[in-house]
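Here are my notebook entries from a walk through this structure.

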Amino acid sequence: MAIHEQLKKIILDTLPGVECVIGWGPGQDALHGSPVFMRKPEDVDSFMDTPLGAFGAVNNLALFLPELSGKKVGVVVKGCDSRSIVQLVAEKLIKREEVVIIGFPCEGAADLTKIEKALPEGREAGEVTGAAIVGETLKLSLGSEEISLGLADIKADKCTRCKTPGAVISDAFAGIAGKAPEVRDEYADLAALEAMSLDERFKFWEREMSRCIRCYACRNACPLCVCRDHCVAGSRSPHWITQTDSTRDKLMFQIIHATHLAGRCTGCGECQRACPAGIPVLLLKRTFNRGVAEIFGYDAGMDTEATPPLLTFQVEEAHIKEREWQ
Amino acid sequence: MADAYTLPAYDPGQRNPYLPYAATILEVITETYNIKSFRIRLDDEKAHREFAFEPGQVGQLSLFGVGESTFVINSSPTRKEYLQFSAMRAGEVTTALHGLQAGDKIGVRAPLGNHFPYKDMQGKDIIFIGGGIGMAPLRTLLLFMLDNRKDYGGITVLYGAKSPEDLSFMYDFKEWMARDDIKVVLTIDKEAPGWEHKVGLIPNVLTELDPGADNAVAVTCGPPIMIKFVLQALKKLGFNDEQIVTTLEKRMKCGIGICGRCNIGDKYVCIDGPVFTQAQLNKMANEM
Amino acid sequence: MSNKFISHEKLRDWLEDLSARFEVWAPVNTGQDAKGVVVYRPFVRDGALEFARKPVESAKHTVFPRSETLVNFKTGAKDGKPALELHVPEDPPARAVFGLPSCDARGFQIFDPVYNGSGTQGLARDNYYLRRRNATVLIVKACSKVLNTCFCNWVGGGPACTEGADVLATELPDGFILAQVTARGEAALGSALLAPASDSQEKQARKLHEEAGAALCAPPDLSASVSALRGKFDDSAFWEAEASKCLSCGACTYLCPTCYCFNITDEARGVLGARIRSWDACMLPLFTMEASGHNPRTGKIQRLRNRIGHKFSYYPSLHNGRIACCGCGRCIKSCPSSVDIRRIVTDAIGITGTAGLKEQKNG
Amino acid sequence: MPELTENTKELRIVGFLCNWCSYGGADTAGVGRFIQPTDLRIIRLPCSGRVNPLFIIKALMSGADGVLVSGCHPRDCHYAEGNFYARRRLEVFKHLLPVLGIDRRRFEYTWVSASEGPRWQKVVTDFTAQIHALGPAKFFADAPELDFLKAGEGVMQP
């Protein structure tokens with residue numbers, strides 16, 4: 001039985017005991033999936049009923065768990081999504097017993113930006129009228145035109161460094177979890193930025209942030225941004241940022257976001273995916289992820305019992321060497 | 001090539017609705033521990049003399065550097081030496097407002113919104129039911145009616161608050177209680193030493209008062225929970241929804257029906273309100 | 001008056017020529033590669049102009065800036081007494097926007113009556129908007145293709161619709177044919193660099209318009225949206241189903257050509273300060289939050305209901321039935337959760353099997 | 001006083017000092033009349049654990065040329081463990097600056113006790129020299145609407 005059929009069966013079995021099961025259904029076009037809240041058995045029909053199937057299971061559905069806390073819900077997760085749940089549980093932001101986690105062996109998810117970039121010059125993803133996955137290629141129709149793209153080329157970057165193709169924790173699992181691959185995150189994206197001079201990096205952020213429309217999709221798509229309606233970005237006291245359209249305030253918000261996620265971010269990349277202006281905001285979070293990994297050897301979202309490193313300390317820090325002034 | 005669509009013209013001579021009048025605070029009255037009243041006068045004498053408003057209209061007070069907040073003009077259009085606003089300390093602007101004193105500068109954008117249908121009320125008995133800071137909008141209408149006393153029938157004022165310390169406008173009430181052409185009833189929620197008036201929740205006192213719905217209009221303003229029970233009491237007393245007038249509060253910014261936050265369905269509290277009859281509210285979307 | 005033509009080679013010369021009289025804005029690729037994000041930017045000669053892909057944002061901010069000063073103020077004291085000075089910023093420069101799609105231009109027509117004081121019977125008009133609106137020439141570029149999120153024809157528009165345009169530009173293989181639509185458009189077309197358009201160019205343009213129009217699926221009848229959404233107002237199950245996946249961010253409103261809500265906030269340093277008007281979004285929780293802590297739209301369900309209700313029910317009920325949506329599809333295209341406004345409205349009206357949506361769902 | 005001459009233009013350095021140790025240390029240095037550069041503006045906080053890393057970046061983005069945080073030595077925190085948390089946060093936060101295009105050396109944190117007047121003098125002098133060597137910092141553009149706020153006292157400008 002195909003994975004998505006197995007998942008459907010598990011979802012149907014789960015439904016009676018939960019408020020709803022959150023999964024992926026059809027989005028606005030052939031390339032888009034969309035979160036679907038399955039409450040009745042007939043709702044399950046649309047689960048993964050999209051041309052991209054599991055490859056189009058892009059949204060991190062752990063996002064919706066904190067707002068549903070107090071209710072028992074099921075959620076279908078990719079490996080990376082399960083890390084968000086682990087982190088939420090570790091920080092006691094959701095209760096483990098309130099979530100039924102349904103995993104499956106993920107082979108990667110699509111990156112719509114990469115798909116658009118792979119199309120011929122001047123063409124955009126919104127022109128796609130049809131799609132189908134055939135073996136290792138994605139076949140797209142743009143009106144009468146047919147285009148084939150290799151799946152490996154349009155997978156999200158995070159998939160190329162994925163350590164958790166199965167779920168870190170799950171209550172039910174469709175199929176058999178693959179063995180965790182031996183991958184090391186080399187932070188190639190950060191290295192590319194760091195190949196620039198300080199001045200160039202400064203200009204890079206000025207240019208990128210100038211496109212920000214201050215919609216806060218980055219924040220609202222982040223499963224670990226749990227302040228939600230009480231975000232400091234909307235506060236006038238403390239007055240961290242103004243309401244103006246300035247690069248400074250826009251970047252300041254990104255720094256607030258990244259700083260609040262330091263030692264907590266699992267690198268799911270939803271912030272960057274959600275950004276309508278295509279700003280590489282994940283880079284800032286990855287900066288902290290790399291730093292935290294270097295100093296504390298910590299990777300968020302791998303252990304529900306772990307304490308995030310910035311919520312604890314050691315009297316003698318093994319990897320912090322302070323500057324000598326004498 | 002016909003210009004079928006006419007672009008709205010820009011007239012630089014038209015008054016800028018976002019530019020506040022500069023004004024000076026003449027007097028600050030401490031009403032309660034968290035309510036103060038501010039009497040202000042526009043700095044431009046001509047503008048002040050020509051300033052016209054109707055009872056129930058609101059204004060945006062500006063604290064430059066902090067922001068604007070909406071308050072009803074609670075003085076009467078018939079008494080023009082100053083404009084009075086009362087504010088309960090709650091948010092950023094009201095907290096800053098409470099720090100001001102006589103002589104300080106303030107901005108005011110007014111008048112905004114609709115007003116009490118005082119013409120339709122002529123010849124009728126009027127019952128005012130106010131709770132806490134909710135007395136402020138009633139005050140303007142009451143002062144107006146007292147200055148046009150012959151146009152109205154019997155006037156009853158029922159005002160209540162949690163405790164004697166929470167009652168505002170006591171300088172007015174002293175005066176009003178001395179008059180024999182209006183009936184004034186004060187009430188507090190719980191017994192307090194030295195209190196010589198009613199004790200009991202406003203809806204209960206109202207029921208006991210039984211003002212008579214015949215040819216009468218009830219004007220009420222107060223906290224939502226009070227309004228809810230006052231409406232029930234009025235219904236039992238025979239008031240229909242056209243006979244009940246209230247005034248709403250919403251977060252407002254522009255005050256001129258543009259910025260989009262004070263709508264209830266297709267009605268904007270800043271221009272279609274803040275004064276509504278209960279009959280009008282019944283027809284509006286359930287999003288108070 | 002005959003239509004004009006400007007070749008691709010001379011386009012930048014002409015825009016530079018225009019720059020002497022206008023601050024010219026145009027869609028620019030601001031990203032790192034050929035598929036970078038396209039947004040509107042002030043024209044610079046060596047900028048990466050792009051007309052092939054639709055700008056991610058609408059052109060709203062060219063007339064209605066994301067933030068602008070309403071009043072500058074100076075507080076403090078003078079002669080031992082508190083003092084206050086107020087100052088209104090000067091008129092902004094005239095602008096010409098080149099290359100915006102028709103939907104973006106039509107969006108301003110949704111602003112117009114509101115900012116012209118329709119709510120106050122003209123007593124309070126928004127000078128800031130009106131002066132910019134009157135000083136801006138919109139040179140619309142007819143769409144040569146439609147995206148799967150485009151639905152301008154549902155709400156009275158079309159790929160080459162001239163409503164809201166001062167000039168209609170159509171891109172031909174070798175350049176743009178420019179047709180004057182309004183008297184205001186004339187100011188943009190008075191340049192010696194422009195050649196008269198030939199009959200065959202005119203013919204080509206008309207053909208492109210027809211082809212793009214034909215690419216859109218047949219529009220459903222939305223005339224029942226006002227009453228349908230009013231009827232659905234208290235149907236919490238309906239709104240919960242539509243809003244569950246919403247993230248409650250402001251992407252839809254900020255990308256929208258017709259969302260016109262704003263905030264007013266003060267910024268001050270010492271005695272100097274500015275009162276700033278900035279875009280605000282009804283999808284954000286603080287939009288309606290009152291100082292008391294009461295919020296009439298506490299959850300994303302009420303907020304989404306207001307957004308849809310405003311566009312397809314409240315606004316048309318106040319403005320002769322005109323729907324406050326221009327069908328640009330950006331709210332759908334850029335929604336991180338794929339909330340589809342078309343689907344919500346058709347669901348509310350009870351239209352099933354809408355051609356466009358069905359086709360797209362099946363890919 | 002290495003590299004500092006009387007003619008060097010003063011730069012803007014913000015110091016966040018804990019109330020119990022470093023502020024006392026700075027005071028000790030002052031009472032002892034130790035010569036120090038004058039670029040540092042001190043903001044006193046109850047504890048280095050109160051230092052939100054955002055204070056640092058807010059200062060740097062708004063025109064500061066350098067930021068120095070100083071608290072009690074580890075194990076000496078008046079609140080027992082505030083500086084232990086601070087150490088972790090500040091150490092992690094350091095990583096962000098170069099990614100933004102801000103020189104890492106514009107921010108340092110250290111520990112100075114109330115009795116360490118000479119150490120305070122050394123820290124301030126070294127850090128100020130370090131910032132002078134880097135020169136004035138670039139900072140991100142503020143909103144044009146707020147330009148006039150920089151115009152200085154008493155000038156109303158559009």
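This is a predicted model: local features need pLDDT of at least 70, side-chain atom pairs count only at pLDDT 80 or more; totals for chains, interfaces and linings use all residues.

**Entry 1: a helix pair in chain C**

I began with helix 6 (residues 225–232) and helix 9 (residues 300–318) of chain C, whose axes come within 8 Å and cross at roughly 120°. That angle makes helix 6 of chain C oblique to helix 9 of chain C. The crossing of helix 6 past helix 9 in chain C is left-handed. A reminder to myself: two packed helices are described by the angle between their axes and the distance between the axes.

**Entry 2**

Next I traced an open sheet of 8 strands in chain C, with mixed pairing and the order 3-2-8-9-10-11-1-12. Strand 3 (38–42) and strand 12 (195–196) of chain C stand at the edges with a single partner strand each, so one side of each has no neighbour in the sheet.

I then looked at how strand 3 of chain C is held by its partner. Strand 2 (residues 23–29) of chain C runs antiparallel to strand 3 of chain C, and 5 bridges join them. One position I marked is N29(C), which stands opposite V38(C) in strand 3 of chain C.

What lies across the sheet strands 1, 10 and 11 of chain C? I found helix 5 (residues 199–215) of chain C over strand 1 (4–7), strand 10 (167–172) and strand 11 (175–180) of chain C. Helix 5 of chain C runs at about 95° to strand 10 of chain C.

**Entry 2: domains of chain C**

Chain C is divided into domain 1 (4–64 + 92–215) and domain 2 (225–268 + 282–361). The centres of domain 1 and domain 2 of chain C, taken over C-alpha atoms, are 26 Å apart. I looked up their contact too: 22 residues of domain 1 of chain C touch 20 residues of domain 2 of chain C. On the domain 1 side of that contact in chain C, the classes are 12 nonpolar, 6 polar and 4 charged.

**Entry 3: chain B**

For chain B, the division is domain 1 (21–112) and domain 2 (125–247). The C-alpha centres of domain 1 and domain 2 of chain B lie 24 Å apart. Here 16 residues of domain 1 of chain B are in contact with 14 residues of domain 2 of chain B. The domain 1 side of this contact in chain B has 7 nonpolar, 7 polar and 2 charged residues.

I followed strand 1 (residues 21–30) of chain B to its partners. With strand 2 (residues 35–42) of chain B, strand 1 of chain B pairs in the antiparallel sense over 7 bridges, and the two form a hairpin with 4 residues between them. In that pair, I29(B) stands opposite S37(B). Strand 1 of chain B also runs antiparallel to strand 6 of chain B, joined by 4 bridges, and A23(B) stands opposite I106(B) there.

Most residues other than glycine have a negative phi, and most peptide bonds are trans.

- The peptide bond from A110(B) to P111(B) is cis, with omega near -5°; P111(B) sits in strand 6 (residues 105–112) of chain B.
- The peptide bond from S237(A) to P238(A) is cis as well, with omega near 5°; P238(A) is in the loop between helix 8 (217–220) and helix 9 (247–261) of chain A.
- F169(B) is not a glycine, yet has a positive phi of about 55°; I placed F169(B) in the loop between strand 8 (155–161) and helix 4 (170–178) of chain B.

**Entry 4: where the chains meet**

Last, chain B and chain D do not touch, and their nearest C-alpha atoms are 12 Å apart.

Definitions and conventions: Residues are numbered from 1 along each chain as its sequence is written. Chains are lettered from A and ligands numbered from 1 in the order in which they are written. Two residues are in contact if their C-beta atoms, placed from the backbone, lie within 7 Å. Two strands pair if DSSP finds at least two bridges between them. Axes are lines fitted to C-alpha atoms, for helices over the stretch in contact, and angles run from 0 to 180 degrees between N-to-C directions. Domain bounds come from an automatic or database domain assignment. Ala, Val, Leu, Ile, Met, Phe, Trp, Tyr, Cys and Pro count as nonpolar, Asp, Glu, Lys and Arg as charged, and the others, Gly among them, as polar. Angles under 35 degrees count as roughly parallel, over 145 as roughly antiparallel, 65 to 115 as roughly perpendicular and the rest as oblique. A crossing is left-handed if the near helix is turned anticlockwise from the far one by less than a right angle, and right-handed if clockwise.
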